[in-house]
Amino acid sequence: MERADEERPLLQLQTPQDATSEYTSDGSVDINKQPALKNSTGNWKACILILGVEFCDCMALFAISKNLVTYLTTVLHESKVTAAGNVSAWVGASFLTPLFGAFIADTYWGRYWTIVAFLLVYVIAMLVLTASASLPVFSTSSSHGDVHRAVVYLGLYLAVIASGGVRPCTSTFGADQFDINDPVELVKKGSFFNWYYFMVSTSSLLSGTVIVWLQDNVGWAVSYVILTVLMFFCFSAFVTGSRVYRFKKMSGSPLTSLSQVVVAAVRKSHLDLPDDSTLLYEPTSPPSASDASHKIKYTNQFRFLDKAAIVLAPSDNGFKVPVNSWSLCTVTQVEELKILLGMFPTWASFVIFYANTGQAGSTLIEQGMFMDNRVGSFTIPPASLSIVSVFSVLVLVPMYETVLVPLARRFTGKDKGFSKKQRIGIGQALSMLTMVVAALLERRRLAIAEASGLTNQNVPVPMSILWQVPIYLVQGAAEVFGSIGAVEFFYDNAPESMKSLCAALRQLAIASGSYFTSFMLGIVAVATTRGGAPGWIPDNLNEGHLDYFFWLMATLGLLNLVLFVRYSMR
């Protein structure tokens, strides 16, 4: 596992610089495109502002999403079916737009200017939503219903577009603030990803409690005004701090480069590869030191792609044939595509991971609806219990940094305590354990239902909903290891020209996990309801077997873990 987690080898063609050098040694520059000074740029003074952007982005997006179905049904008076469909479409769009934002950042604007541009769109989106919730014309006249609905959806989808531009850039731009050639800053970069997820969890907690409470008890306009002011302040602070950021050079369109490798390899499929890999095409005189530092050494995997870098003999007339990027690619280009192909198994493993952790938003809530949710004089909504996993993350991230990493460092000898693959593997195991605990709890709940004579009654059983707390605690631990490990993995292993695009792959994994859950639920419903049987997950869970579904997901999680470990040890 350690071997699989080693850093991708880079050709160190630039002059090595000491860790105490005045300038960074990774080719980063400042806002004026001058070599970045270590003491006045980057590090935590820049990351604080970037983490603030992530906090505000998540606050706005979570505040909208967590109560959106309520807004559509009570304010726009949509039916439950229509509202559910519109919410699903909106959530699906929120997972797809980061791919577009990442492409813009890696190809045209860079991460900094992409964040600036889409933060401005965010401010406009929140102004539109504030207007839709506060202007008297929308609240007093039914004749403006269609206009009101159009304004609301304009604001909603502007927010999705804005978040799609900001989200894939904050984690990568934050990691750019640390010099990977400086051992001290390299350790700090690992801590950045922990605190990045800490800010995501904090914003989720505040938006799901304070903002949602304001929406339900004070008014939608007040909550949107708060978010608008917060987003405007975030935009101003981020732009004001532009002089402390470090910037990485853009390398052109990553998708074009990948396409060129495929086309060139297919064109030369009839050629034989040379025995000596040094004969493959790689310019020896790069235009800058930063380009040199991003060159990638040759590897012997996916060798068919190496044909894209075969140099053809000069033409018969003795003149040198001009280099065509669609016929001849560099070794670095080929290796970039190899890196993405090599990342795919790990990405695929996160589909099952997020399918399991995503049960907190569906089947675990349904389980809680059939348990006693009274605690003294309070009544706990089943959906609100997921806040336990948020608290778990908020507590475990500082513990991971201050206790677990130093302790693990003694045994592993690694500066970060765990390798990336080890951290992800622990997260995969914990996500599987989440389903095991849920299955055992459901088995106990069904036993109580049968003993109480409630099997045929669509009512909660006399079992406290607080028994679900261990499930959410384990889920929080799974996110600390798995989700944060995913953020770090997709950044560290991504080619330099595709950092934002690879960061968006995590969002795609979350979406894929959600769709996989829907697929599995559909399969289970069809397979278990034949012949008039109630099935595993009927409307009355007391006569079903939700525990079987949890065991099924746990089994998939175990298989996923075994495959992940096997792949990591290759």
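Predicted model: local features only at pLDDT ≥ 70, side-chain atom pairs only at ≥ 80, totals over all residues.
View 1. In passing α14, helix α6 makes a right-handed crossing. On the α6 side the meeting residues are K189, G190, F193, N194, Y196 and Y197, while α14 brings E479, S483, I484, V487, E488, Y491 and D492. Sorted by class, the residues of this contact comprise six nonpolar, three polar and four charged.

**View 2. The largest cavity is lined by residues that include Y196, V487 and Y491.** A search of the whole structure finds two cavities of 30 Å³ or more, and the largest of them holds about 90 Å³ of space. Its lining consists of R167, P168, S171, Y196, V487, F490, Y491, A503, A504, R506 and Q507. Two or more of these residues come from each of α5 (145-175), α14 and α15 (499-528), and α15 gives the most, with four residues. The lining divides into seven nonpolar, two polar and two charged residues. Y196 of α6, together with V487 and Y491 of α14, also takes part in the contact between those two helices.

**View 3. Helix α6 meets helix α7, which spans residues 220-240.** Here the axes of the two helices come within 6 Å and cross at roughly 145°. From α6 the contact uses I211, L214 and Q215, and from α7 it uses W220, S223, Y224 and I226. Five of the residues in this contact are nonpolar and two are polar, with no charged residues among them.

**View 4. Helix α1 runs roughly parallel to helix α6.** The axes of α1 (residues 43-65) and α6 come within 8 Å, and they cross at roughly 30°. Angles under 35 degrees count as roughly parallel, and this is why α1 is described in that way relative to α6. The crossing of α1 and α6 is right-handed. The contact of α1 with α6 is made up of 15 nonpolar, seven polar and three charged residues.

Notes. Residues numbered from 1 in each chain as written. Heavy atoms only, no water. Left-handed = near helix turned anticlockwise from the far one by under 90°. Contact = heavy atoms within 4.5 Å. Nonpolar A, V, L, I, M, F, W, Y, C, P; charged D, E, K, R; others polar. 1 Å grid on protein atoms, 1.4 Å probe; cavity = no way out; pocket = protein on both sides within 12 Å on 5 of 7 lines; lining within 4 Å. Points joined across faces, edges and corners; volume = space filled by probe spheres on them. Axes fitted to C-alpha atoms, helices over the stretch in contact; angles between N-to-C directions. Parallel < 35°, antiparallel > 145°, perpendicular 65-115°, else oblique.
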